[in-house]
Amino acid sequence: MGAHLVRRYITEKDTEPDPSRKYEFDPHFGFPERKEREMVATQEQMNMAQLPLDERDYCAHFLIKLMKCKRDNWPNFLACKGERHDWDYCEHQDYVMRMKEYERERRLQLRKKRIEAQSEAS
């Protein structure tokens, strides 16, 4: 825990990706048939469901279903276990995908630095 902070601020300052900026490399680099992710829930649906801004992600459609289930089955909170599982699973998959993208960007930056160092040496 904290290894990313050491890399970010001490050891690999120039190769550690900045999460607040767009990635430097083409998302299709190395992936010939990669599909771009699309939002399933529309802005209007999220507004009508009164989703908080921090919950409006690629899993918002599952959260809308979960909120509707909780509202319809109010005292029986256990009736929505399936919807809760679907939303949690989607959130987990989204987290894993973001971490893979981050690691991919970091490795591509290390590769770029290594290639530049080899070209300068020769």
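Predicted model: local features only at pLDDT ≥ 70, side-chain atom pairs only at ≥ 80, totals over all residues.
E103 and R107 both sit in helix α4 (residues 81–121), four residues apart, which places about one helical turn between them. Helices here are DSSP runs of H or I with at least four residues, while strands are runs of E with at least two, and both are numbered from the N terminus. The two residues form a salt bridge, with their closest N and O atoms 2.9 Å apart. That term stands for a side-chain nitrogen of Lys or Arg within 4 Å of a carboxyl oxygen of Asp or Glu. E103 is partly exposed at a relative accessible area of 22%, whereas R107 is exposed at 56%. Salt bridges with shared partners also link R37, D94 and R98 into one network.

Residues are numbered from 1 along each chain as its sequence is written, and side-chain values use heavy atoms, leaving out hydrogens and water.

Now let us turn to helix α3. This helix spans residues 60–72 and holds both D72 and K68, which lie four residues apart, about one turn of the helix. D72 forms a salt bridge with K68 and another with R71. For the accessibility words, buried means under 20% relative accessible area, exposed means over 50%, and partly exposed lies in between (1.4 Å probe, protein chains only). D72 counts as partly exposed because its relative accessibility is 46%. K68, at 44%, is partly exposed too, and R71 counts as exposed at 58%.

| Salt bridge | Closest N and O atoms |
|---|---|
| D72 and K68 | 2.8 Å |
| D72 and R71 | 3.6 Å |
| E103 and R107 | 2.9 Å |

In total, the count comes to seven salt bridges.

Finally, what about E101? This residue is found in helix α4. Is E101 buried or exposed? E101 counts as buried, because its relative accessibility is 15%. Which residues does E101 touch, not counting residues up to four places away in sequence? E101 touches Y23 and R34, where contact means heavy atoms within 4.5 Å.
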